[in-house]
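Hi everyone, thanks for coming. Please have a look at the next slide, and then I'll talk you through some side-chain contacts.

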Amino acid sequence: MLGNRDAIATIAVKDLEAAKRFYEGVLGLKRAESGEPSVLAYKSGSTPVMVYQSQFAGTNKATALTWVVGDELEGTVQALKAKGVKFEKYDLPNTTQKGEVHVSGRNSVAWFKDPDGNILSIVNG
């Protein structure tokens with residue numbers, strides 16, 4: 001039923017101006033037309049990302065959005081750190097930390113939060 005339909009990443013925020021500075025200025029997402037004053041629409045590659053105002057922003061305790069960056073993981077981490085992004089550290093089974101990156105077998109991931117505390121991540125693929 002939904003397997004052949006496109007999906008949209010949806011992230012709740014409290015402060016649209018802070019979200020705009022973060023998602024555009026820090027992460028470099030491209031703005032798209034939303035048609036709604038309380039919604040920021042973006043494109044990340046070919047994926048639509050909708051950032052909307054909500055009183056429930058930042059209440060999700062799990063990853064809300066992940067970007068696959070392949071071999072550019074460490075470079076992306078360094079570029080985000082240079083823009084002031086702070087990375088999260090988690091104590092996970094069968095996982096080692098190499099700087100900001102968590103490594104488990106062939107999988108590597110780095111987690112960070114947006115201004116509202118939504119958990120975002122970048123992975124090697």
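I'll start with the salt bridges and then move on to the aromatic pairs.

A quick note first: this is a predicted model, so local features need pLDDT of at least 70 and side-chain atom pairs count only at pLDDT 80 or more, while totals for chains, interfaces and linings use all residues. Residues are numbered from 1 along each chain as its sequence is written, and side-chain values use heavy atoms, with hydrogens and water left out.

So, how many salt bridges does the structure hold? There are four, where a salt bridge is a side-chain nitrogen of Lys or Arg within 4 Å of a carboxyl oxygen of Asp or Glu.

Take glutamate 24 and arginine 31: their closest N and O atoms are 3.3 Å apart. Glutamate 24 is partly exposed at 24% relative accessible area, and arginine 31 is partly exposed too, at 43%. For these words, buried means under 20% relative accessible area, exposed over 50%, and partly exposed in between, with a 1.4 Å probe and protein chains only.

Next, lysine 113 forms a salt bridge with glutamate 88, with 3.8 Å between the closest N and O atoms. That pair links distant parts of the chain, 25 residues apart: lysine 113 sits in strand E8 (residues 107-113), and glutamate 88 in the loop between helix H2 (73-82) and strand E6 (96-98). Helices (H or I, at least four residues) and strands (E, at least two) are DSSP runs, numbered from the N terminus.

Then there is glutamate 100 with lysine 89, at 3.9 Å between the closest N and O atoms. Is glutamate 100 buried or exposed? Glutamate 100 is buried, at 17%, whereas lysine 89 is partly exposed, at 46%. Lys81, Lys89 and Glu100 are linked in a network of salt bridges.

Now the rings. The structure holds six aromatic pairs: rings of Phe, Tyr and Trp (its six-membered ring) pair if their centres lie within 6.5 Å, and planes under 30 degrees apart count as stacked, over 60 as edge-to-face and the rest as tilted.

Tryptophan 67 and phenylalanine 112 are stacked, 6.5 Å centre to centre with 10° between the planes. Tryptophan 67 is in strand E5 (residues 63-68) and phenylalanine 112 in strand E8, 45 residues apart. Phenylalanine 112 also pairs with phenylalanine 87: the centres are 5.6 Å apart and the planes at 65°, so this pair is edge-to-face. Phenylalanine 87 counts as buried at 10%, and phenylalanine 112 at 1%.

Finally, Phe22, Tyr23, Tyr42, Trp67, Phe87 and Phe112 form one aromatic cluster.
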